[in-house]
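Thanks for asking me to take a look at this one. Here are a few numbered notes to read alongside the model.

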Amino acid sequence: MNLPNTLSVLRMCMIPLFVVAYFLSPVWAVVVFVLAAFTDFLDGYIARKYNMVTDLGKLLDPMADKVLVTAALFCVVGTNPLRYCALGEWSGIFLICGATVIIARELLISAVRMIAAAKGIVVQANVYGKIKTILQDVSLPFLVFCQVGKAYLIVSIDDNWWTQNSQWIGIVATVLFSLAILFTILSGVIYLVQNRKVFSDKQA
């Protein structure tokens with residue numbers, strides 16, 4: 001197993017650590033998530049730069065990325081961290097809708113890729129997909145950090161500091177997650193349009 005694939009496996013192993021940290025010490029959960037997201041960038045960079053792209057890597061890399069994001073979405077939906085600092089009673093609906101859009105998009109695109117592979121069609125990626133990934137990897141740590149909240153003020157965060165800053169942290173998290181949802185939809189639509197030949201009944 002080469003280095004990029006090892007990094008993908010490492011990212012998979014960090015997912016349960018992230019989940020445990022989320023409920024015990026959200027500050028550390030942010031650290032774990034950021035490190036895991038960085039390995040996503042690093043393994044792709046190394047694989048392309050040193051020509052270490054493998055079929056196993058093509059499976060492990062996106063799987064690790066999607067499972068990491070899904071785990072984080074489940075955590076924030078289940079605990080609704082924005083209730084501490086933004087949107088009020090609407091925050092739960094906002095997070096559920098956003099998570100549903102993101103997961104549905106990934107399932108749809110994965111299905112398209114499977115169909116394309118069966119037909120021998122090379123599918124096109126788009127820059128909006130990369131922007132979507134970046135926005136997800138930036139917005140989710142902000143949402144996780146909101147979980148520090150009132151219930152976790154005793155853990156390394158001063159009460160006065162949180163009172164003064166929780167509102168803007170929640171606003172930043174909400175804006176970034178909104179952008180992530182927007183680019184999730186946009187990149188998905190563009191991806192389907194660019195690769196519409198996949199749905200043709202003609203064989204490649």
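This is a predicted model: local features need pLDDT of at least 70, side-chain atom pairs count only at pLDDT 80 or more; totals for chains, interfaces and linings use all residues.

1. Setting aside neighbours within four places in sequence, aspartate 137 is in contact with Phe33, Ala37, Asp40, Asp65 and Val69. Note that Asp40 and Asp65 are on that list, and Asp counts as negative.

2. Now the record. The unreviewed UniProt entry annotates residues 20-46, 90-109, 138-157 and 169-193 as "transmembrane region". In the model, residues 20-46 are 96% helix and 0% strand, with the end C-alpha atoms 29 Å apart. For residues 169-193 the figures are 100% helix and 0% strand, and there the end C-alpha atoms lie 36 Å apart.

3. Zooming out, the protein chain has 6 helices and 0 strands, so to speak a plain α-α-α-α-α-α run from the N terminus on. Of its 204 residues, 47% count as buried.

4. Two last figures on the chain as a whole. Take contacts between residues at least 6 apart in sequence: 82% of them join residues at least 24 apart. The accessible surface is about 10,900 Å², and carbon and sulfur atoms account for 72% of that.

Terms used
Residues are numbered from 1 along each chain as its sequence is written. Side-chain values use heavy atoms; hydrogens and water are left out. Contact means heavy atoms within 4.5 Å. UniProt positions are given in the numbering used here, feature names are shortened, and annotations may be inferred rather than shown by experiment. Helices (H or I, at least four residues) and strands (E, at least two) are DSSP runs, numbered from the N terminus. Buried means under 20% relative accessible area, exposed over 50%, partly exposed in between (1.4 Å probe, protein chains only). Accessible areas come from the Shrake-Rupley method with a 1.4 Å probe; for residues, only the protein chains shown count as cover.
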